[in-house]
Amino acid sequence: MLLMPCPWCGPRDEPEFQFGGEPATRPIPAAEVSDQRWADYLYLRTNEKGFHRELWCHAGGCGQWFLVERDTVTHVIHRTLKPGEPA
Amino acid sequence: MKRLPTGGRIDRAAPRAFTWDGKALGGFKGDTLASALLANGIRIIGRSFKYHRPRGLYGAWSEEPNAIVDLAWKGEHDPNARSTLVDLQAGMAASGLNAWPSVAHDVYGLIDRFHRFIPAGFYYKTFKSPRWETFEGRIRQMAGLGTLRRSDDRRRYETRHAETDVLVVGAGPAGLAAARAAHAAGLRVILADDRAAWGGSLLWREGVIDDRAAADWVADTIAGLDGATLLPRTTVFGAYDHNAFGLLERRPSAADGWATERVWQVRARHVVLATGAIERPLVFPGNDRPGVMSAAAVLQYLREYGVLAGNRVVLVTNNDSAYETAHALIAAGARITIADARPELGAIARRAADHGIQVRANTVPVNTGGRHGLRWVDVAPRDNLAARERIPADVVAISGGWSPAVHLHSQAGGKLRWDAAEAAFLPEAARPGQHLAGAITGGTSLAEALEAGHHAGTVVASTFGRASAVLPPRAEPAAAPSPIAPLWFVPVPDQRQWIDFQNDVTLKDVALAARENYASVEHLKRYTTLGMANDQGKTSNVNGLAALAAFTGREIPEVGTTTFRPPFVPVSLGALAGMRHGRLYAPIRHLPSHADHLGNGAEMREYGGWLRPACYLRVGETVPQAIQREAASARQAAGLLDGSSLGKIEVQGADAAAFLNLLYYNELATLKPGRLRYCLLLRETGVVYDDGVVARLAPDRFLLSPSSSHTAGVLAMLRAWHQTEYPAMQVAFHDITAAWATYAISGPNARAILGRLATSIDISDAALPHMAIADGSIGGVPGRIARVSFTGERSYELSVPASHGAALWRHLLDLGARDGITLFGIEALSVLRAEKGFILIGTDTDGMTLPVDLGVTAPLRNKKVDFVGKRSLLTPDATRPDRRQFVGLLPADPRFVPAVGSHAIETADGKRRSIGWITTSCRSPALGRSIALGMIEAGRARIGETVELFHLGQTSRATITAPCHLDPAGERLHD
Ligand SMILES: [Zn+2]
C-alpha cells in the first residue's frame, strides 16, 4: 500500500487515491488528427518498467489531480507535482 | 510425557477443563491448547493431508505444521484452529481433523498403503487423463482440512488504523532492546509480539541481562515502556509498500460483545524486524512418526509449560543450539542420548560428555519405529549407514539448524542471500526504513542480540534527531559456537523421508519432480505442494530446496527460494473484513420520504446504491400486477414518482457554458436560461457514458441530472477534464444530490393537481412549457419546478430542500387524491419509458454503444466546437454501416415476453448467426401486449422485418420497429 504524498494534503494512504494512468497529450484540433494518431492517444501507453510518470487523483481527499514520478519496480515515489508546476 | 510439579509460566492454581475428541481433560491457565494436549499424553493430534498419516506436535509455536484442530468455544467455531497458538480456555471443545472416526483411529489411514499410486503430481496428471471428473467426487470427499458449520460466524472483528514512528516486530531480546532505546529517545513505539507473554526466546532460554535473571529484565523493560502501544498475541502477518503492515491481534479474553480478533493497519516511519528464527527439522527415514519433535519445541514445552515431552529422549542435531535442550531434559529427569551429525565433537559437545551425557559424533538417524507411538530410533555412523544401532526412545528431538524468519523482510521486497557458514537464507540488506536485529540476521548470542536491538533503536532515534537516554543492555559474551554441518537428508534408499509433514511431501517426491524437470523451485512447490500447507513451508522450505539442489546437481543459491508473500500466519476472512460486512459492507442510501414509502406498502429494492420503491403493493396484489396497475394509472390519470436519487450537479462560473459544451455531446451554448435539454455524455472513446437533462438556471449556472448510479462518476469526469485539460476555465462543480428532494407528477391529470398547489411559480404552458424550469416557492419553502418527462406524459418535477421532502410528498398525495393520483415505483417507470423507447444507460447500452447507434446523430453533424469523444465518432469502426442500432421489437405472440438477452438470429448459407439481442422487454399495459427494445445490426434498415429470437433453446419471432412504441409524435406531453 503506497504512501502517496498529495501535493496539497501531504502523505496519505493509497486507498484515498484514484489512479489515472500515464498522461497522454490530447492531439488537437481533433478533426485534423489521423485515425492512427487518435488511436495511439486513446490506447497506446509506454508502460515503462522503472521510472514512470502517472496521473493520480486524491479522490478521497481534496479531489485534485496531480503528476507522480515513481519507480514501478522499487515503488519509490520520487516526487509529486501540481498541474503546471515546472518539471 | 508428563506434567512436572513445578516450572513454567502456567498457573497450577487455575485449572482449565477442556475436551479432546469428546474426552474430558485438564490443563492450566497459561497453557496453549497444544501444551495441554501434550501434558495429557495426547500423541496424535492430526492426520496428514494426503496419506492420512498420524501426526503429533512437531513445534511449539507458529512454525507448527501438524497440529491444527477443530475448536468450539462459547458458541464460536474455528474449523482450523492452530493449537500451538490457542490460549487454553475453560470449556474449549477441540477435536482432530481429516480423519474418521478420529485422528487416533482413522480408517482413511489405509490410503497410506497405496502411496506408490499417488506420487507427486498425482493431481496434475489426473487432470489430463484418464478424466478428472472420474475421481473428482471421491478426491473432494477425502480432501480438505476442517468443516465449516453452516451457521454464521458469531465472532466479532474490528479494524484499527495506526501511524507510528517505529514498529518493533518481536519482543525477544533484540526487539525489547530496540523498543527500549527508541522509547527512551521519546519516539512513538508500537511493540508487537505473537506470544501471550513478553520475552521471545527469553521465555525458554536461560540468560542474565544487566545482572538480573532475563525474566526480570523483560518485566522491567516492559514496565518502562510507558505510553508505548504494547500488542501481545499480535502477529505481524504482512509487510506492504512504504512500511505499511498488517497485524492480527488475538483477544481471547475480550468481554462479551467485543471483538476477539482485530486487524491493525499500521503505517510506520521505521520498522525493526526482530522476528527471530525457526528451527528446521532433519530429514531422515521415519521422521514423521509422532514423537519426533523440534529440539527447541521440547525445551519450550518444558520451560514454559512444565511439560516433559519424553522420558527417554534421543537428541539428533547438526549444530550447537540443541545442547541446551539436553541439559534441561536431564535436569528434569529424562534419559538422553545425543547423536551429533558433525564428524567431531566441538567444545559444547565435549562439555556435555563431561557432564555424563552420552554424545556420539558423526552419527545420524536412519529409521524410527513403534506402533501407536515412537519406541525406538536406529542410528548409524554417517559414513557407514549399514552399521545400525537401535536406541529405545519415546521422543526424538531434532535440530537441523535455524531458518531466520525473513518473511516480512522478503514481503517488503527485500532480497535474500544464502550464507553457507550459517546454512541459511539471510536478508541481503535492510529495505528503506527497515532495521534488522537479532536472529533474523543469523545466529547471534544473547549479548549480540541485545546490542543489535539497542543499535537499531538508536539509529531510528537519530533519524528524528534524537539520542537514546538509556545505556545498552548487557549480557555475558558467549564463546563462538562450533559451525553447523548441513545434513539435508540421509541417503537411505526406499524408505520415505518427510520434508513437508502436513502435505506429505517426501524426499522421493522432490526427486520425482527433479526427474520430470520441475527444476525451478516455484515449479517444485506447485508440482509437489511443498510448503503449501497451513504452515506455508516454515519448516520445509529450506530442506525442500536443498534436496532439489542435490537432485539437480546445483548449489542452493542457484536453486534460490520461493517468494514469501503475506500472510505470515493464516488470517481468517472475518478478521480481514472487520466490520465491513452485512449492512456496513456498502451502506445504502435512503430517500427523504423513505418512511412514507414503507407506509404506502412499497417493495424497496436497491437501484444504483439507493433504496427505492420498486412498486407499491396493494392487498392481495403480486409485484407484476402492481407494476402493470401503476404504469396504467400514470397514463390514464396521474402518477407520483420519488425521483430524489436522480443526480444533481451544479456547474457555475463564467466559462460554465463553454466548458459543458466541450464535455457534452449535445449543443449547450445555445441553451437559454430557464430551459432544459436532454444530453448524452461520451467518453473520449465515443462510447455513451451517461444521459440526462441539463438545465440552464442562469447564463453562468447549470444543473446537471446524471443517472443515480453515475452521479459520482460524472462529477469525477468533469473534475478530471477541468483540471487536466482545461484548467484555465472559470468553472466549479458541486454535487447537491442529497440536498434536494425531487418528485415527479406525470399523466393527463398532472396539470390539474399542480393547479391546486400553493406556489409562486407560474405553471401555465406559456410560462412553463415542456423542457422549461423555474424557481420560486412551493408551499412556503424555496423550490423549483421543471417540465421534463421520463414517461412521455405531461410531467412536472418538483424539488424542495430534502428536509421538506416528506411533507411535500404527503401534500401532493392529498392534492391528487380526487384525480386518482397513484404512486408508482421504478419498475413501472421502466415499463413507461420502454413504451416510449427511452434508453436506460447500462441496460440498453453497453461499453460499445455510440450515440449514432442510438439514432442521436444531429450534434455530430451540426455542433461546431470539438467535444469529448467527437473524433472517435469519425473512425472507420464508428461509421461502419453494420453497427448494432437501437430498435424496437414487437413479438409475434403478443402474450409472450422474450427474455432480456435473447439473441436475434440470422440464417445465411445454412449457418445461424447472432445479429444482436434484446436489452429491455415487458408487457405494455397501454398497448395491451408485449414489447421489447434491443440492439440489432443495421437495425434501422431492418425496420418492418421479422427476425427469429433465440433464448436457452427456445425460439420465437418478432418484428423490428422504431424504438418508440407509443405516441411517436409526442402529443401526450402537451395534453
Ligand atoms: Zn489531497
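The zinc ion is held by four protein donors, Cys6(A) (SG), Cys9(A) (SG), His58(A) (ND1) and Cys62(A) (SG), which sit 2.0 to 2.3 Å from it. Keep in mind that this is a predicted model: local features need pLDDT of at least 70, side-chain atom pairs count only at pLDDT 80 or more, and totals for chains, interfaces and linings use all residues. Residues are numbered from 1 along each chain as its sequence is written, chains are lettered from A and ligands numbered from 1 in the order in which they are written, and side-chain values use heavy atoms, with hydrogens and water left out.

**Zinc site**
- Donors here are N, O and S atoms within 2.8 Å of the metal (3.2 Å for Na, K and Ca); water is not among the atoms, so sites may look incomplete.
- The four donor atoms subtend angles of 106 to 115° around the zinc ion, which makes the arrangement tetrahedral.
- For that label, four donors need all angles between 85 and 135 degrees.
- Along the chain, the spacing of the zinc donors reads C-x2-C-x48-H-x3-C.

**Chain A layout**
- Chain A has one helix and six strands, taken as DSSP runs numbered from the N terminus (helices: H or I, at least four residues; strands: E, at least two).
- In sequence order, the pattern of chain A is β-β-β-α-β-β-β.
- The C-alpha trace of chain A spans about 40 × 30 × 25 Å along its principal axes.

**Where chain A meets chain B**
- Chain A puts 23 residues into the contact and chain B puts in 25 residues, with contact meaning heavy atoms within 4.5 Å.
- About 1,900 Å² is buried between chain A and chain B, and carbon and sulfur atoms give 47% of that; buried area is the accessible area (1.4 Å probe) that two parts lose on being put together, summed over both.
- On the chain A side, Met1(A), Arg26(A) and Trp65(A) lose the most area to chain B, together 34% of what that side buries.
- Four salt bridges are counted between chain A and chain B, a salt bridge being a side-chain nitrogen of Lys or Arg within 4 Å of a carboxyl oxygen of Asp or Glu.
- Asp13(A) pairs with Arg267(B) in a salt bridge, and their closest N and O atoms are 2.6 Å apart.
- Helix 1 (residues 35-43) of chain A supplies five residues, the largest share of the side of chain A that touches chain B.

- Over all chains, the salt bridge count comes to 58.
- Glu304(B) and Arg195(B) form a salt bridge, with the closest N and O atoms 2.6 Å apart.
- Glu304(B) is in helix 6 (residues 295-305) of chain B and Arg195(B) in the loop between strand 10 (189-192) and strand 11 (208-209) of chain B, so this pair ties together parts that are 109 residues apart in sequence.

- Most residues other than glycine have a negative phi, and most peptide bonds are trans.
- The Ile28(A) to Pro29(A) peptide bond is cis, with omega near -10°, and Pro29(A) lies in the loop between strand 3 (18-21) and helix 1 of chain A.
- Pro566(B) and Pro567(B) are also joined by a cis peptide bond, with omega about 0°; Pro567(B) lies in the loop between helix 14 (556-559) and helix 15 (573-577) of chain B.
- Gln536(B) is not a glycine, yet has a positive phi of about 50°, and is found in the loop between helix 12 (521-528) and helix 13 (541-551) of chain B.

**Around Phe28(B)**
- Phe28(B) lies in strand 3 (residues 23-29) of chain B.
- Phe28(B) and Gln89(B) are 61 residues apart in sequence, but 8.6 Å apart in space, C-alpha to C-alpha.
- Not counting residues up to four places away in sequence, Phe28(B) touches several residues, including Arg3(B), Ile10(B), Pro15(B) and Leu88(B).

How values were computed:
Four donors count as tetrahedral if all angles lie between 85 and 135 degrees; four count as square planar and six as octahedral if opposite donors are over 155 degrees apart and all others between 65 and 115; anything else is irregular.
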